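Here is a short briefing for a first look at this structure. Start with the view below, then read on by topic.

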Amino acid sequence: MISKQISLTSIKQTEALASAVGKNLVGGECIEFVSDLGGGKTTFVRSLVSAAGSKDNVSSPTFTISKLYKTPSMAIYHYDFYRLSDPGLAAEELAESVEDKSGVVLVEWGQNVQDVLPAKRVIVKLSKSKSGPDVRLCSIECPSSLEYLFSGADL
Ligand SMILES: Nc1ncnc2c1ncn2[C@@H]1O[C@H](COP(=O)(O)OP(=O)(O)OP(=O)(O)O)[C@@H](O)[C@H]1O
Ligand SMILES: [Mg+2]
C-alpha cells in the first residue's frame, strides 16, 4: 500500500505524475480526486487521459456530471458530483461504470457517492500551498493491488 505526500511545485509536475499513472492504466481502476475548487483535479485528469492514449477533450464535467473518453483499449468515465447533494441517477450510472471492469473510473467531488465507490481505489488529494500559486501538496493513498499505477512515477 502506498501512503505518501509529495509536493508538486508546478503544473508540469502535476502533469508528469498524472501521465505516469495514465500510462499504467489497464482497466478496472478507480481514482478519486479530492481538493478544494481549483485544486487541480481536472488538470490531473486531463494529462492522465491523454497519456492513456485518448485524443478526447477533457473539460470539467461539472454541468454534465459525467463524461466518457475513449482510448484504443478502454473507456474512461469521468464524474464530477460538485454541488450534487442527492446524486440519484448519476450515482446509479457511476455504479454501472464501476461494474465495467474493462473501464477506468475517475471521480471529482465524490463525498456524496462514497458508498458507490470501490474500497480498492486510489485517493489523490490536492491542496494549495502558501509556498506559491502553482504549488500543490499531493497526498496519495493507494491499495497494494493498484500500486503498479505508480511505477515510473517520481514519488
Ligand atoms: N501544480 C499544479 N497542479 C495542478 N493545477 C495547477 C497547479 N498549479 C496551478 N494550477 C492551476 O490550477 C487550476 C486547477 O484547475 P482545475 O480545473 O484542474 O481544478 P479542479 O480541482 O478540477 O477544480 P474544480 O473543483 O472546479 O473541479 C488550473 O488553472 C491550473 O492551471
Ligand atoms: Mg474539476
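A residue counts as near a molecule if one of its heavy atoms lies within 4 Å of it. The model shown is predicted. By that cut-off, 19 residues surround ligand 1. A magnesium ion, ligand 2, is also present.

**The shell around ligand 1**
- The closest residues are Thr14, Lys41, Thr42, Thr43 and Asp134.
- Helix H1 (11–24), helix H2 and strand S7 (132–142) each supply at least two residues of this shell.
- By type, the shell holds 5 nonpolar, 8 polar and 6 charged residues.

**Polar contacts with ligand 1**
- Thr43 places a polar side-chain atom 2.5 Å from an oxygen atom of ligand 1.
- For Thr42, the distance from a polar side-chain atom to an oxygen atom of ligand 1 is 2.8 Å.
- Ser35 has a side-chain N or O atom 3.3 Å from an oxygen atom of ligand 1.
- On its own, ligand 1 has 640 Å² of accessible area, and the protein covers 77% of that.

**The magnesium site**
- Thr42 (OG1) and Glu108 (OE) coordinate the magnesium ion at 2.0 to 2.2 Å.
- These two residues are 66 residues apart and link distant parts of the chain.
- Thr42 sits in helix H2 (residues 41–51), while Glu108 belongs to strand S5 (residues 104–108).
- Thr42 counts as buried because its relative accessible area is 15%, and the cut-off is under 20%.
- Glu108 is buried too, with a relative accessible area of 2%.

**Where the two sites meet**

Definitions and conventions
Residues numbered from 1 in each chain as written. Chains lettered and ligands numbered in written order. Predicted model: local features only at pLDDT ≥ 70, side-chain atom pairs only at ≥ 80, totals over all residues. Heavy atoms only, no water. Donors = N, O, S within 2.8 Å, 3.2 Å for Na, K, Ca; no water. Helix = DSSP H or I, 4+ residues; strand = E, 2+ residues; numbered from the N terminus. Buried < 20%, exposed > 50% of the residue type's maximum accessible area, 1.4 Å probe, protein only. Polar contact = N/O pair within 3.5 Å; in protein donor to acceptor, adjacent residues only side chain to side chain. Areas by Shrake-Rupley, 256 points an atom, 1.4 Å probe, with all protein chains shown as cover. Nonpolar A, V, L, I, M, F, W, Y, C, P; charged D, E, K, R; others polar.
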